[in-house]
Amino acid sequence: MDGNSSEHGHHRSLEGDELNRYVSNLPDGVNKIKIREIFKVFGKVVDIYIGRKRDRSGSLLTFVRFNGVRDAKSLEQDMNRVRCDHCILKVNIARYQK
């Protein structure tokens, strides 16, 4: 595996777009270290925001920003299969890009 790809495909690039993703269905007590560990295989994680408020389903408002992503659609599909402890995470395009 070269430095420009991940285990899940070719999501990373030395140059590319910065993408902000909304992540829900995280288990209670999750922290930035755990989130970074889960998502680092998809690209360079440049920021993680865990809000204090919850969404309609009761999940913490959480955003993960990536840098250098070439294939955003493939990235999103692969990310929706990720687990954190007993939870299958739901990943969507963030409404507002920072």
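Visitor: Where does D85 lie?
Guide: D85 sits in the loop between strand 4 and strand 5. Helices (H or I, at least four residues) and strands (E, at least two) are DSSP runs, numbered from the N terminus. This is a predicted model, where local features need pLDDT of at least 70, side-chain atom pairs count only at pLDDT 80 or more, and totals for chains, interfaces and linings use all residues. Residues are numbered from 1 along each chain as its sequence is written, and side-chain values use heavy atoms, with hydrogens and water left out.

Visitor: Is D85 buried or exposed?
Guide: Exposed, with a relative accessible area of 52%. Buried means under 20% relative accessible area, exposed over 50%, and partly exposed in between (1.4 Å probe, protein chains only).

Visitor: What about the phi of D85?
Guide: Positive, about 55°, although D85 is not a glycine. Most residues other than glycine have a negative phi.

Visitor: Which residue has a phi near 70°?
Guide: N25, and that is a positive value in a residue other than glycine. N25 is in the loop between strand 1 (12–24) and helix 1. N25 is partly exposed, at 31% relative accessible area.

Visitor: Which side chain meets D85 in a salt bridge?
Guide: That of K34, at 3.3 Å, N to O. The pair links distant parts of the chain, 51 residues apart: K34 is in helix 1 (residues 32–39), and D85 is in the loop between strand 4 (83–84) and strand 5 (87–88). K34 is partly exposed, with a relative accessible area of 35%.

Visitor: And which side chain does R65 meet in a salt bridge?
Guide: That of D47, with 2.9 Å from N to O. This pair also links distant parts of the chain: R65 in strand 3 (residues 60–69) and D47 in strand 2 (residues 44–54), 18 residues apart. R65 is buried at 15% relative accessible area, whereas D47 is partly exposed at 25%.

Visitor: What does R81 form a salt bridge with?
Guide: With D78; the closest N and O atoms are 3.3 Å apart. R81 is exposed at 61% relative accessible area. D78 counts as buried, at 11%.

Visitor: Which residues do salt bridges with shared partners join into one network?
Guide: E18, D47 and R65.

Visitor: Switching to helix 2. Which residues are buried there?
Guide: L75, E76, D78 and M79, in a helix that covers residues 72–79. They line one face of helix 2, because down its axis the buried residues fall within an arc of 165°. That arc is taken over the directions from the helix axis to the C-beta atoms.

Visitor: How many bridges join strand 2 to strand 3?
Guide: Seven, and the two strands run antiparallel. Two strands pair if DSSP finds at least two bridges between them. R54 has L60 in strand 3 as its bridge partner. The two strands form a hairpin with five residues between them, and G58 in the turn has a positive phi of about 95°.

Visitor: Why is strand 3 largely enclosed by the rest of the structure?
Guide: Because seven of its 10 residues are buried.

Visitor: Aromatics next. How many pairs?
Guide: Four aromatic pairs. Rings of Phe, Tyr and Trp (its six-membered ring) pair if their centres lie within 6.5 Å; planes under 30 degrees apart count as stacked, over 60 as edge-to-face and the rest as tilted. One of the pairs is Y22 and F63, tilted, with 5.5 Å centre to centre and 50° between the planes. Y22 lies in strand 1 and F63 in strand 3, so the pair ties together parts 41 residues apart in sequence. Y22 counts as buried, at 16% relative accessibility.

Visitor: Why is the pair of F39 and F66 edge-to-face?
Guide: Because the planes are at 80°, with the ring centres 6.3 Å apart. F39 counts as buried at 0% relative accessibility, and F66 counts as buried at 0%.

Terms used. A salt bridge is a side-chain nitrogen of Lys or Arg within 4 Å of a carboxyl oxygen of Asp or Glu.
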